[in-house]
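Reader: I'm new to this one, so please pick a single part and go over it closely. After that, walk me through a few other places in the same terms.

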Amino acid sequence: MTQRQEAASRMAFAAYMHDLGKLAERARIDVKQSDMDTHKQQYCPNFNGRWTHVHAAYTALALDKLEPYLPNLKGVDFAPFANALSREADNSLVNAAARHHKPETFLQWIIATADRVASGFEREAFDKYNQAEDKTETGHNHYQARQLSLLEQIQLETENNKKKEISPANLKYRMPLRPLTPANLFPQLRETCEGKDDKKAQAEYLTLWHGLLQDVAKIPPSHRQQWALWLDHFDSLWQIYTHTIPAATAGNTKPDVSLYDHSRTTAALAVGLWRYHEELGHNPQDVKAKLSHKERPDWDEQKLLLIQGDFFGIQSFIFANGGESGKQAAKLLRGRSFYVSLLAECAALKILDTLELPPTSLVLNAAGKFLIVAANTDNTKNKLQSVQKEMNAWFLEYTYGQSSLGVAWLPASCNDFVVKKEDNSGFKQLMKSLFEQLEKSKLSAFALCNTQSKSPVFEKYINSFNNDFGVCSLNGYAPATHKNKNGIAVCDLSADQIKIGECLAIRHFQRLIISKQALGNSDKALKLPIFGYSLRFAGDDESSGQFAKQAQDGSVRRLIDISFGQKMDDINWHGYAKRAISSHVPVFSSQDKTISDRYPADEQQFAIGDIKTFNHLACENKTLDAQQKWRGIAALGVLKGDVDNLGAIFQQGQDKPTFAKMAALSRQMNAFFAVYLPTLCQTEFTNVYTVFAGGDDFFLMGPWYDLMHLASRMQQEFSRYCAHNSELHFSAGLILTKAGNPINLLANQAEDALEEAKHLDGKNAIYCLNQSNKWPKFSKILEACKDLKDYQEEYKLSTAFLYALLQWSDMVMLEKTHPQAALWRSQVAYRCFRHIQTQHKFDKSTTLSKSQALASMIGKYLHHDNLGEAYRLAVTTHLYRYRNTQA
């Protein structure tokens, strides 16, 4: 790490911790009254004899308590600050962090400005906020108030539906004040977690404070020698304990942004502003004079540069198909999906290192997309162009233009982040312009139009083929470089993807190390460097000790924990930066050994803990009948889905969007699919592969009937996650297929199924077995399928009778256009009577009543107000589940 990056990291930490006191003050941590009186005078505004924003004083006091666990603060060059924790030095880190409501120096004003920009404050609004009492728009004080659900407030404006002003009093949900776990991502009814008891509210904050102090000590001491490495770990820890702490609770504000999202965006903006003036050699006193001026004379100056990256061609990258890809499909899909996250991670890191920025300048990073805040200087833009060329060269060399990673940047002023009262524009327009800039980047991938001479890539491609190996048998386009242990000709990229797939399945290897140089020869290391970085997997014992020296000297750029919780209430903190990029992998259990005959004869030998192949998963929904014979089809399910109207949600869904709210919305959308969904599969749907899940979409593979239930469960959980906001929903396509089909065919069919679901009016649907249905109806279909099983057993329904149900379902569909189709009602009544009469030896009265009950059940489901023609899906599902495949 360079000295400039170290300095930027310290600047980021000061800005990141500016509101540490909000946690400390609400927790009522133990401080001497004399110290508190002194710190109020130094850090807090006073209006008419009343101290406001007392949390600023607590920021300074709380930093003292964190000091033993921070990187070295003494005896080192502490640029850009004079020192760390001195209250006397105006230019100390603690004063820069804690004086954001009462700034005096250049660095203090940088952080104070970033604080206001992140919140989107207009000048008059901030002046009012700075004098306000600690009371929120919900009517609760700063101890009692719980964070509003940002997702509950999303509204999409249409021609017939104008946005309504949302009052917090009308919002039903709040976020529980608990550490981040999959379970604690969900909002609760406000009556459950928000009350009027100050003592109880403070106790909840104190629990978080103690958890933070206890867990910060788990960051390895050797990692405290490098600010950027340590800060990356601390960022994950800070998110765990502040993801639902309301950032703003004064001046009747709406508490809908977390302290975590506000801290991170403030740090990114502060470093961008500071680096802009530092790099251009501006006089700090002149800058301070403008920043402190009441009229904000430099807020229209484009000091910031927003840098957005996006992986283009994800589907073609993950589902590239070669002649041998089907035999290793499971591990290959795992490896490729993970590789997409690696490419985005390394691309973002490459930009951060090249621009000498800390990890907190990376505001968003999910599902192959990222957003970085930098200084708007010619030096920055020249370096970005160089990085883009290097990344283009990598993608051309290893993917031959099948995929790319586009980088777009846009200058921005402080005023661009402000929500304008008159038209609610400002930040909205900034985000729209940034998305448009990225689309232009997508249409000019590799900058081939700027190349004057013929690119040597094609010639190199042709000359790279080895006659002994030919084309890579796994992706079907790259020249193979060697044969792997199975004798398959592969390229280096495919070999690395297979290795990733293998390592991800071994739960011991839950750490990923990204370094400048290769960390020794290892079968856990990837062969290909990514944008100049070496990567390898490690166990917890290795990551904490074996690479201490490389962590201290800066060779290790990132050490990431990729594990996810085994239970819904697992905090899952191990002292390292967290990334939710791993997938759930089905493995054999002891129970599987007892029923191994459900699998094909040549697939019945396995050990507990081995990974299940797609051939095994296709058999998981078979059931034993009374004669102990397996029934049901062997089929693999593929489920693909994404959130509906995502662009509109981000561009118009929020009433008063700010930088922090945008970051929060992106993080929360990603967390459902990247954090909650893998844990749901781990705990309840253990036979489902999460091929990829993150951002706003997912691609799952597993037993076909399990996936039907998982799809329905996901929809219900996503609704709960979004506080039952009817504006937020997703659509999905579910296909049934043979386990051995080519993976690119499966992907294309799943994509087509998803498109069919989205064609339904209003979207919010699932396409399955040639039908698109809204989610409530799909849930009823699954209930009807279960009922059909019960009725078949009770009434001894024959297969012929079940096929008659299919015919009647088709008649229901035709009834409106073909009057004769209405005869289904009389046919149902007659067939039910004849069936009971012939299959059971009841008296006439009982036969009549039983047949009427059966006909009533069938008629209920076939009625247009219930399932109607969709009953066909319930019947088909039932037939598939219990088909005699051994006859």
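Author: Let's begin with a word we'll need a lot: buried means under 20% relative accessible area, exposed means over 50%, and partly exposed is in between, using a 1.4 Å probe and protein chains only. This is a predicted model, where local features need pLDDT of at least 70 and side-chain atom pairs count only at pLDDT 80 or more, while totals for chains, interfaces and linings use all residues. Numbering runs from 1 along each chain as its sequence is written, and side-chain values use heavy atoms, with hydrogens and water left out.

The part I'd pick is K612. You'll find K612 in the loop between helix 21 (590–594) and helix 22 (614–617); helices here are DSSP runs of H or I with at least four residues, strands are E runs of at least two, and both are numbered from the N terminus. K612 counts as buried because its relative accessibility is 2%. So what do the side chains of K612 and E620 share? They are joined by a polar contact of 3.0 Å, and another one, of 2.6 Å, links the side chain of K612 to that of N687. (A polar contact is a pair of N or O atoms within 3.5 Å; within protein, one must be able to donate a hydrogen and the other to accept it, and residues adjacent in sequence count only if both atoms are side-chain atoms.) Setting aside neighbours within four places in sequence, K612 also has contacts, meaning heavy atoms within 4.5 Å, with residues including P586, F588, Y599 and Y689.

Now for the nonpolar cores, each a set of buried Ala, Val, Leu, Ile, Met, Phe, Trp, Tyr and Cys residues joined through side-chain atoms within 4.5 Å. The largest has 254 residues, and F234, Y339 and Y871 have the most contacts inside it. Helix 14 (residues 329–354) gives this core its largest share, 15 residues. Y339 touches, among others, F317, W394 and L493, not counting residues up to four places away in sequence. There's also a second, separate core of 9 residues, with L229 and Y576 among them.

Next, helix 30 (residues 844–862). Its 19 residues should span 27 Å at 1.5 Å a residue, and the end C-alpha atoms are 26 Å apart, which agrees; the expected span is 1.5 Å times one less than the number of residues. Buried residues in helix 30 include T847, L854 and Y861, and the buried ones pack against helix 27 (775–795), helix 28 (799–814), helix 29 (824–839) and helix 31 (871–882).

What about disulfides, pairs of cysteine sulfur atoms within 2.5 Å? The structure holds 0 of them. The sulfur of C503 is 15 Å from the closest cysteine sulfur, in C346, so that's too far for a bond. C503 counts as buried because its relative accessibility is 5%.

Most residues other than glycine have a negative phi, and most peptide bonds are trans. N48, though not a glycine, has a positive phi of about 55°; N48 sits in the loop between strand 1 (46–47) and strand 2 (50–51), and counts as exposed because its relative accessibility is 84%. The peptide bond from A79 to P80 is cis, with omega near 10°, and P80 is in the loop between helix 4 (55–66) and helix 5 (93–98).

How values were computed
A disulfide is a pair of cysteine sulfur atoms within 2.5 Å.
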